[in-house]
Amino acid sequence: MIPYQNSLGIEIREDAVVLVHLRRTLSETRIQNSIVIPFSFPLAPEAEAEFVDSLKRFIRNMRVRPERTVVGLPRKSAVLKFIEIPSLNKETIPQLLEYEIERHLPFNPEEVYYDFDVIEKTGENIYRVLITAVKKDMIDYLKDLLERVPLKPKIFDLSTFGIINALKLGNGFSDNKIDTLIFMGQRDIELGMLQGGVLKYS
């Protein structure tokens with residue numbers, strides 16, 4: 001029998017942190033509990049202890065392993081860029097990006113963590129790639145803060161991608177249909193355009 005699994009989702013917003021306790025069974029994933037904690041990031045030093053205590057209280061009675069934690073970052077914390085890159089095949093793209101990445105970012109590549117996704121092949125040996133980059137100091141700050149709980153996040157991702165993945169899991173997307181997603185924040189609006197469940201514009 002497959003055991004039930006508990007996990008913790010942490011969404012970092014501009015003015016709050018959303019905590020969600022998820023429980024996966026044989027047939028579904030269910031939200032067990034959730035809470036919104038008002039905070040502004042980065043935290044003032046005196047607020048860090050309060051934030052850690054709030055997390056400890058939320059997970060006190062949960063059987064969540066520290067590494068079963070996923071952190072969602074706000075869209076505005078990342079640089080997203082679509083590029084076209086020549087390559088004989090998809091397998092060589094990671095090596096090519098090591099040399100290409102610097103000219104596509106507004107800051108030094110050594111200052112960021114980045115990942116990429118091959119969106120599509122647009123021509124002979126030409127691939128369209130989505131690059132996502134987040135400043136290292138933000139990720140490292142959050143990792144250090146969460147280790148005081150203690151939590152060891154397995155994944156840092158944009159909340160945008162998390163929502164898209166949840167929609168794919170729940171409803172799916174047609175191959176040719178163009179979908180528009182609008183994310184409403186208190187101070188900004190994010191627009192996402194997808195085709196076949198693949199992000200084409202943000």
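1. Is Arg13 buried, exposed or partly exposed? Arg13 counts as partly exposed, at 38% relative accessibility; buried means under 20% relative accessible area, exposed over 50%, and partly exposed in between (1.4 Å probe, protein chains only). The side chain of Arg13 meets that of Glu11 in a salt bridge (3.3 Å, N to O), and Glu11 is itself partly exposed at 25%. A salt bridge here is a side-chain nitrogen of Lys or Arg within 4 Å of a carboxyl oxygen of Asp or Glu.

2. The model is predicted: local features need pLDDT of at least 70, side-chain atom pairs count only at pLDDT 80 or more, and totals for chains, interfaces and linings use all residues. Residues are numbered from 1 along each chain as its sequence is written, and side-chain values use heavy atoms, with hydrogens and water left out.

3. The protein has 202 residues, of which 36% count as buried. Its secondary structure comes to four helices and eleven strands (DSSP runs numbered from the N terminus: helices are H or I of at least four residues, strands E of at least two). The C-alpha atoms fill a box of roughly 55 × 40 × 35 Å along the principal axes.

4. Strand β7 (residues 126-135) is mostly covered, with eight of its ten residues buried. Strand β5 (residues 78-86) runs antiparallel to β7 and is joined to it by nine bridges; Ile85 has Tyr127 as its bridge partner in β7. Strand β6 is also antiparallel to β7, with ten bridges, and Val118 is partnered by Val129. Strands count as paired if DSSP finds at least two bridges between them. In the hairpin of β6 and β7, which has two residues between the strands, Asn125 takes a positive phi near 60°.

5. The structure holds eight salt bridges. One of them joins Lys76 to Asp188, with the closest N and O atoms 3.6 Å apart. Lys76 lies in the loop between β4 (69-73) and β5, and Asp188 in the loop between β9 (178-184) and β10 (189-195), so the pair ties together parts that are 112 residues apart in sequence. Lys76 is exposed at 56% relative accessibility, whereas Asp188 is partly exposed at 34%.

6. Arg103 and Glu100 also meet through their side chains in a salt bridge (2.8 Å, N to O).
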